[in-house]
Amino acid sequence: MTQPAPSARHNGPDKEDPTGPGRAGATAPAAPPPVKTGGAGPALGLRLDVRVLSLLGVLAALVLVGGITEPDAFLDTGNLQLILTQASVIGVVTVGMTFVITSGGIDLSVGAMVALASVWATTLATQEYGFAGIAFTAVIVGVAAGLVNGVLIAYGGMVPFIATLAMLASARGLALMITDGKTQIVTVDSVLSLGLPDSYILGVPPLVLMFAAVTVIGWLILNRTTFGRRTVAVGGNAEAARLAGIDVRRQRLYLYLLSGLCCGIAAFMLIVLSGSGQNTNGNLYELDAIAAAIIGGTLLSGGRGTIVGSVLGVLIFTTITNIFALNNLQSDVQQIAKGAIIVAAVLVQRRTLRGADT
Amino acid sequence: MTQPAPSARHNGPDKEDPTGPGRAGATAPAAPPPVKTGGAGPALGLRLDVRVLSLLGVLAALVLVGGITEPDAFLDTGNLQLILTQASVIGVVTVGMTFVITSGGIDLSVGAMVALASVWATTLATQEYGFAGIAFTAVIVGVAAGLVNGVLIAYGGMVPFIATLAMLASARGLALMITDGKTQIVTVDSVLSLGLPDSYILGVPPLVLMFAAVTVIGWLILNRTTFGRRTVAVGGNAEAARLAGIDVRRQRLYLYLLSGLCCGIAAFMLIVLSGSGQNTNGNLYELDAIAAAIIGGTLLSGGRGTIVGSVLGVLIFTTITNIFALNNLQSDVQQIAKGAIIVAAVLVQRRTLRGADT
Amino acid sequence: MAPEPPLLTMSGITKSFPGVRALDGVDLEVQAGEVHCLLGQNGAGKSTLIKVLAGAHQPDGGEITWRGEAVRLKSPIAAMRRGIATIYQELDLVEGLSVAENVFLGHEPTSAGFIVRTGEGRSAAKALLARLGHPEIDPARPVGSLSAAQQQIVSMARALSHDVRLIVMDEPSAALDPDEVDNLFRIVDGLTADGVAVVYISHRLEEIRRIGDRVTVLKDGRAVAVGLPAAGTPTRDIVAMMTGRDVEYVFPPRPEETAATTAEPVLRVQGLSREGEFAPVDLELRPGEIVGLAGLVGSGRSEILETIYGARRATTGTVTVAGQQLRNGSVRAAVAAGIGLAPEERKAQALLMTESVTRNVSVSSLSRFARLGWIDRGGERRSAREATRELSLRPDNPDTLIRTLSGGNQQKAVLARWLLRGCRVLLLDEPTRGVDVGARAELYAVIRRLADDGLAVLLVSSEVPEVLGLADRVLVLREGQVVHTAPAQELDEHRVLDLVMEGSPTP
Amino acid sequence: TSNEPKNAQPAGNSQPAADDKPGKAVTIGFAGPQADHGWLNAINVNAKSRAEEYSEVSLEITEGSNDTAAQIGQVKTLINKKVDVLVILPADGKALTQVGLEAMKAGIPVVNLDRIFASPQAYRCWVGGDNYGMGLNAGHYIGEQLKDKANAKVVELAGIDNLELTKQRSQGFSDALKNYPNIKLVARQAAEFTVESGQAKMAQLLQAQKQFDALWNHDDDQGVGALRAIQQAGRDEFIMVGGAGAKSAMDAIKADNGVLKATVLYPPTMAASAIDLARALGQNKGINGLSEMEIPTSLTLYSAVVTKDNIDQYLPTGFN
Ligand SMILES: Nc1ncnc2c1ncn2[C@@H]1O[C@H](COP(=O)(O)OP(=O)(O)OP(=O)(O)O)[C@@H](O)[C@H]1O
Ligand SMILES: Nc1ncnc2c1ncn2[C@@H]1O[C@H](COP(=O)(O)OP(=O)(O)OP(=O)(O)O)[C@@H](O)[C@H]1O
Ligand SMILES: [Mg+2]
Ligand SMILES: [Mg+2]
């Protein structure tokens, strides 16, 4: 028997807000909310842990499957390095996306920005400036594209979905124009060597270290700084944030800029990883990043974001892909299974959270 | 001086739902919403007209551009038939999507459902049953996939974004499995001939007629039936709808089913158009359909939907593509321009609406 | 008294929204250390005026003088910097953030300008909450898990977290219990003693008497009276200024001989309970009878109503309407059996804000106007109009957008919804919250008339006089338990308050 | 070939297949998939530069698209524009059969490039590569290299599984390997013709297969990523055979300093040939070097295996 939603009530006096119930009504689910927030407050910390634990549980289940089906190939250092490396690029993008979603926005252009930054940074002209030239260009192009998104959304008043969709089209077009469809091979040794085992630090690939650094910094920003506080506030209740004196528009601008920055960093990492820049890079990153963030526990409607959850989400997806490949599953089966696993993971998670609640 | 945005407050219940269907916040614009609906009520009708007019204005501008740049090729019957035919398939999908978005949901799986339905309906086994077999299978497969979406979202409590993303992966995988990557040729003459000029009715291709029929029926359902009324109510304030005695979950189930139905019809139309079924069909239809609906004036956060607007949105996109093709623009330039045109169209529209508001 | 220069002068303030002239040349003058009350009907422009003062709205015209100096308040920050803090009518808290985070939102204590010092924020918030008499609120708790009253305290703590000279309070008492209101007034007294001025907005006129120094009355965006003495002006005059007419601020008479005493109960609730929310409740409602539920905020009254209605699933017990037992946890079963609910949160739980009055009224009876799903829009509009006319909803135009109506009229639309549906039992949760005096009197009359027409009404209200004045029978609730049942005539306010608070832990 | 322009040399054999004397003006409509890939870009370059060589030929190129419905629209646009001849490289051959038919019915001869239409009535002439043959040749080459090795293991990095051509290549490959019972195909993963996916999938394959003897990679573009993954894994115990014939791959074969030992051609010069054929059709001419009066209906290109031995012959055809 499904239980009707205990109509969680909004504890406020009469809302005479002329702009109406806005998006909240749209988000009220017909089904019972898995996390009730009524009752004891201090449980919040615990609840977040429960969510993280449930994600870790899903991950553990995957590791178990991997270990059983392919004990030799799955459970070794090389594969761990591989999974983490594969997770790095999309992981960095997801950290930026988590901020944007937490603020109640969305960024569909991340994949296109990665593509644009990666091809711009690998043109012959840029490569002349060596390592610094490539790294700098990738980051700057990402930031610039993010800035355009931010201005359109924060000051142009465009819906994030449409503004970043337009950026998706334009950035991919520009990337294609720059490369003419050709793969731009990197010839700068210092960049190339960063992706090779020689430069692993204590067995950890530099790309993984970069991912870790972005994660830690992202976590600190979201949880320990005014910027993070404001991001949550804007996503939770933009009007309240405005009345509290937060410059909501500027905050939004910064957030899309941050997402662009992450894409720039990810583009550089992808250049290192693949030794090249190509306009098809970052294909469908937008869906992957959003999915990882949501699975991780960030609310698509804004107001709650978790970097740890997002990173776990990315790791879950990467591990799934890894296990599929190790087991030599073909594309069709992989896709069908992926859909089924997503559904199963979410439903299991819902159950866990509900269980933890009582 | 720009006035700070009275950004939509959420005063809905269930803010804390971690998996609730709420992507809505994602769309809360930084600046005032394009249509302010505060103020006098009777103006509502007028304002909707203003929106439609502004879309017609954009379309007229495009026609002007097309007519000037390629007077011979653009302004002839063949081209008009072409534009409308091109708009038909994605148009039908967009009508279904409009319902889903109006209810505060989203359906990322439309393209994949079109692919799945189109390949299932064109297997050798199905083709043996001729026209009816193909048409029936396409529709049934679409409905079945929509049903799965609906159950997962309405009764499984999954976030629409994630549930339909999982369906996207699975349906594409299944389509690939069915075809083994091969394109399935249609050999049923009655189906093939429907796409040929011989069967045009008074110069109107049958596919365009089907599109028109779906549009009209969709408009009637949204604006004249209890089903449409409930869709808007669920999207506007799901909790209020529930407390008013609407079975919100069943409504959601029906809505995803409807979207699947539209995808099934679109799949059949695509089979007629291309004389084949292919697992790559419907690629990125989800983005196109959502973009057309939003440009048309349907609120991504739910509670307001317009079929006329959606159809105009589809026509705008199709006309842009047509003009690009007639002018021999290459992919790169075309994509860049498409992004720019979307931004320009939205900003112009916002200005028009704001002007009309005072 | 030597005429000190006023702390604040607002003169000739105008402000228009599309289609509405919310402020039409309003003057306001506030002295340091006074409690200045702002009165007016719903939609008179009170909130708009104070939003202008808070920097949240930019006025179209007029001047603001602050401590003798003409100022422009371009943003909420600009107002806060000058020492103007505001507690908004719509709680302006971010539910996902903790109490401390909300209190210091926008001016967090930081290291290096951007790293939040969480510990410092928490202890400072704790101190503020203690000063407000609520040391029990944990600064680390997410605000979304607090009760409405507690959230109000947090808003207050936020206002006090600034160095203030003027605090604006927009209907702070709407969500508070009588003893909470007493506490609020103690805080206000403390503030004014320190020379801080308070602008106080409320629809409860008795509160104005208790703490107000001077009164400004707004009507239709104009100040119709400025700086009247709060003590000396008769209530009748104030109400007349607000409404432009004489309103009998009294409860409609109870019928001499109610059918209630004789008729079969239409609603029978037996042993209904919800774990953690309320203990088993027994309750009978007869046609024509109004039963009141009195209790403190958080005593579980709304939960009882929503459980009867099927919006929450009961742990034990049954609900029977006219002899027919309802399916547990099904709103549709309740509606089908003839129960209607006017929920506590009108906007979040009842209204479709983007829709017209007609559509809001007809939403529960759609199938009545539909054949095979096809809506007879003419019939729908006519019937909706009939229902709203019966309740004299204004404006009398069924196409008006619901969001443009005043609170009282929105409430009438919700009642009209159930009137149209033709229900037998009406559950009313705080029907007059945020509703002005004039509309309140009308609502009372409407509710009584519905009962006289044979409806059974179950009424929840935090205002004890309202329960006593309107209900025939009163159930007193404490911590989820019915502790007393009596005819309304046998109770008075003190007795109810004693019952309600007896044995409850001192706040 | 006196009046052949000296500029804009396309890669490969620059010998026009058709009579090169200017004839009556011809407008050729060209519709191809989206050129977001090295090989497809080479197709466009070949078509364009060959058309530029003829003063009387003007080329109408529509924007490329990978979406069937969109590409149908583009071809219809060209039909509406009443071009003289159409060259169509469909994203999917079978799906565009209908428009091919429509064009032929409208009296516009169609040169079907590479991905073949379902009905011969839909084109006047087909020129294209041989995907099955490509897999077959790759398989035979690998088979010959490994035929003396017991229990040899082979790994396949396929292209986009969604495309029929991928299946054909895989089929040819496995058919060829059937001739060598000592060789076993131990793993196959599909990438997406992109460097990024080539790197990712190859890294997984290397992790899954700790030792193998040969790798066939369907596409040299994704091969850039595959080689990167091989480099990163520090593996070199196997030989690698590429596909399509990119310049970078040929350079590597010539240098012979890595695992890449051969690539199987799928020459983009076919686009230039298609332009020649279209021009000839538009001018009602035959083609040089054949005794036929008419243009043949079908021309299948040979998928040569390029190795260090014959690299100098093919190097000019390598595309970027
Ligand atoms: N942001 C806005 N956009 C459009 N109209 C508005 C806006 N804010 C207020 N109004 C309108 O301005 C008028 C004054 O509203 P205001 O909220 O100031 O009234 P109030 O006196 O506070 O009423 P209440 O007692 O119900 O709180 C109303 O007609 C209201 O609908
Ligand atoms: N959506 C919710 N989220 C968190 N806590 C809630 C929610 N709804 C109710 N509560 C808690 O449940 C308890 C009961 O509150 P509720 O307001 O329903 O009681 P009540 O007696 O109806 O009081 P009121 O006079 O405010 O209606 C309160 O402590 C409140 O904090
Ligand atoms: Mg107000
Ligand atoms: Mg209550």
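Patches are made of residues with over 30% relative accessible area and no salt bridge, where like charges are joined within 9 Å and nonpolar side chains (Val, Leu, Ile, Met, Phe, Trp, Tyr) within 5 Å. Arg250(B), Arg327(C), Arg332(C), Arg368(C) and Arg421(C) gather in such a patch, of positive charge, on the surface. Lys and Arg count as positive and Asp and Glu as negative, while His and the chain ends are not counted; the place of a charge is taken as NZ of Lys, CZ of Arg, CG of Asp or CD of Glu. The model is predicted: local features need pLDDT of at least 70 and side-chain atom pairs count only at pLDDT 80 or more, while totals for chains, interfaces and linings use all residues. Residues are numbered from 1 along each chain as its sequence is written, chains are lettered from A and ligands numbered from 1 in the order in which they are written, and side-chain values use heavy atoms, with hydrogens and water left out.

Helices (H or I, at least four residues) and strands (E, at least two) are DSSP runs, numbered from the N terminus. Arg327(C) has a relative accessible area of 57% and is therefore exposed; buried means under 20%, exposed over 50%, and partly exposed in between (1.4 Å probe, protein chains only).

A nonpolar surface patch of about 320 Å² is formed by Val216(A), Trp219(A), Leu220(A) and Val308(A). Accessible areas come from the Shrake-Rupley method with a 1.4 Å probe, and for residues only the protein chains shown count as cover. Helix α10 (residues 206–224) of chain A gives the largest share of this patch, three residues. Val308(A) lies in helix α15 (residues 307–326) of chain A and is partly exposed, at 37%.

Donors are N, O and S atoms within 2.8 Å of the metal (3.2 Å for Na, K and Ca); water is not among the atoms, so sites may look incomplete. For the magnesium ion (ligand 3), Ser47(C) (OG) and Gln89(C) (OE1) are the protein donors, at 1.9 to 2.1 Å. Ser47(C) lies in helix α1 (residues 46–53) of chain C and Gln89(C) in the loop between β6 (84–87) and α3 (99–103), so the pair ties together parts 42 residues apart in sequence. Ser47(C) is partly exposed at 21% relative accessibility, whereas Gln89(C), at 8%, is buried.

Over all chains, the structure holds 52 salt bridges, each a side-chain nitrogen of Lys or Arg within 4 Å of a carboxyl oxygen of Asp or Glu. One of them joins Arg448(C) to Asp472(C), with the closest N and O atoms 3.0 Å apart. Arg448(C) is buried at 2% relative accessibility, as is Asp472(C) at 12%. In chain D, the side chains of Lys261(D) and Asp256(D) meet in a salt bridge of 2.8 Å, N to O. Salt bridges that share partners also join Asp180(B), Glu156(D), Asp161(D), Lys167(D) and Arg188(D) into one network.
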